[in-house]
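Visitor: I have a structure open and I'm new to it. Could you walk me through how to read it?
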Amino acid sequence: EKILEHGEPLPPEWPIHGTVGYEFGAAAGGLFVDPAGRRPFDELYARFIGEKPNWGEIVATCKGLMMRTALVSEVNVLAQALNRISEQDRHTRDFTLATLRDAIRETIAAFPVYRTYVVCDRGEEPVSDRDRRYVEAAIATAKRRAPTIDPSVFDFLRAVLLLAGGQAGDAPLSAEARAERCRFAMKFQQLTGPVMAKGVEDTAFYRYIRLTALNEVGGDPSQFGTLPAAFHRQNAERRRRWPDAMLTTSTHDTKRSEDVRARIAVLSESPREWRAAINRWTRLNRRHKTRVDGRPAPDRHDEYLLYQTLLGAWPDAAAAETAPDFPDRIVAYLIKAMREAQLRTTWTAPNEDYEAATERFVRALLDPATGAPFLDDAAALRTKVAHFGAFNALAQLLLKLTSPGVPDLYQGTELWDLSLVDPDNRRPVDYASRARLLRDLRRAQPSTSLAAELVASKADGRIKLFVAQRTLACRRERPDLFARGDYLPLDAGGPAADHLCAFARRLAAPASPADPAGPEDPAEVVVAVPRLVATLCRGELTAPTGAEVWGATALLLPPAPPDTAYRNLFTGTTLRTLAAPTDGSQLPLADLFAAFPIALIVRQ
């Protein structure tokens, strides 16, 4: 389960097919986060919680916490090993065990990736250039963050990790000394991974909660949104190097399901509305708080997390009583999140008074008898987030099912899945109902009327199952196209061009034996989805379809003869290309999205 950090490449020489796809999920989900919301979110988040958090500092603090608690024994073993190595050289034998331990902690806290891959006794260079860069970067950062530690201690640790010799002019390392350093380096890299997992995924992700749609395995919460160009670059690189890698948006380990994140992303488009809402809700709900250890419980940090969670996971647009277990799920989630954050309570030393106060707060909010003012006030934003979040989720699904790689559908996500972190995302799945709905959809022929009906009734989840069924059928009928086809990013022209992400998958047809000079038209599918839909629809609760939304915006297609026909697999309609103002052809998005909010079209 290799997890790549933001911008980290997978070593091309590895004899594998790729990762499990968390980096795809981060890039695809980021398409629906508005980069323009970054500064307003920074400001409103800092103002609400009363401090200005820094992601890098939080990561270093949380990794340090793990090395002083859960992983303290492993750090001590490393420090003892490094101390033995230091005693072999007159330049380093005076380094104390405590100083070496501190240097190890600071370096691991600064490590930019999960781990390096130093190898020994394989007849190859033990330290790759890639790993060398990560070690150098970590040492440089550690030196800057820990000015009280003698820089020569970090230089020594760097030399050991890179299997280098001692001071200039010293004799080269003996085979025995080199082997000992290599063993240390391998032990070191076996610790950096767990520290990253426990410090970042299991702690920092629960402390830095500016926009929790970004707090996902393989993601970087300090980033705010993904531009289509970056998404296309990642897809093109995967097509070139790792065409059989997995594509993931929900797993057993995700902090929030794909559909919850798609909802929360909507908030990035409305920072002013979000700021006003949480300020109102804080005033409305103040009476439900109690004081624990002289402070209100829950605190502003946990309250901020709660409001995002409610918007993302709310069962539907109705009141909470439509899902009797919803308050229990939210309470269980919030207690887990608070213990993971280790700010007011922990797993090893639970603050029972604080947890009980938080539980009372949650239940009071979700009880119509006591929380009516909040429930009534939150209804409008809750409806907006669910409405536009559904279109984000459909777009994300289509991108996953058609991008280079092998898409994975986690259990239960065939319909809307508003699960939170485990064990919430491991609840039993009603496969019988899904099978029944799937049989009905298979019998129905795609049409504009069916498409419109699915959009109108999108809350029941059939629309998501329909998109998956139709797209996977397309993949099954064209395996070579999706396995080996070229990846062609597509642009749009017109006023809403920034609200589109589109690409084509194209596979040139082999020359016909009867006419070697005249090959058939290439196999081709075109994928187009909207992004930042709330802004596109001007906040009105409509679907991103038709001329009123898209105006004169058009999709610019790959080179093709005039009047080329494409069949829309979701509506059954046929579209014909028009001449573009420049070279090539185009399709008006008002036609492409006439009846359905996403498009998968096949060249005829």
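Visitor: In what sense do strand S7 (residues 500-507) and S8 pair, and over how many bridges?

Guide: A word on the source: this is a predicted model, where local features need pLDDT of at least 70, side-chain atom pairs count only at pLDDT 80 or more, and totals for chains, interfaces and linings use all residues. Residues are numbered from 1 along each chain as its sequence is written, and side-chain values use heavy atoms, with hydrogens and water left out. Strands (E, at least two residues) and helices (H or I, at least four) are DSSP runs numbered from the N terminus, and two strands pair if DSSP finds at least two bridges between them. Here S7 and S8 are antiparallel, with eight bridges. Cys501 sits opposite Val529 in S8.

Visitor: Which other strand pairs with S8?

Guide: Strand S14 (residues 599-603) does, in the antiparallel sense over four bridges. There, Ala528 stands opposite Ala599.

Visitor: Why is S8 largely enclosed?

Guide: Buried means under 20% relative accessible area, exposed over 50%, and partly exposed in between (1.4 Å probe, protein chains only). S8 covers residues 523-530, and seven of its eight residues are buried, so the rest of the structure largely encloses it.

Visitor: How do I read a nonpolar core, and which residues touch the most other members of the largest one?

Guide: Think of buried Ala, Val, Leu, Ile, Met, Phe, Trp, Tyr and Cys residues joined through side-chain atoms within 4.5 Å. The largest core has 138 residues, and Phe231, Trp274 and Trp281 touch the most other members. Helix H15 (residues 368-402) gives the largest share of this core, 13 residues. A second, separate core has 40 residues, including Met67 and Val135.

Visitor: What does Phe231 contact?

Guide: Contact means heavy atoms within 4.5 Å. Beyond its neighbours within four places in sequence, Phe231 has contacts that include Phe24, Leu399, Tyr487 and Cys501.

Visitor: How do I describe two packed helices?

Guide: You give the angle between their axes and the distance between the axes. Axes are lines fitted to C-alpha atoms, for helices over the stretch in contact, and angles run from 0 to 180 degrees between N-to-C directions. The axes of H8 and helix H13 (residues 326-341) come within 7 Å and cross at roughly 105°. That makes H8 roughly perpendicular to H13, a label for 65 to 115 degrees (under 35 is roughly parallel, over 145 roughly antiparallel, the rest oblique). Among the residues that meet are Asp202 and Tyr206 in H8, and Tyr333 and Glu340 in H13.
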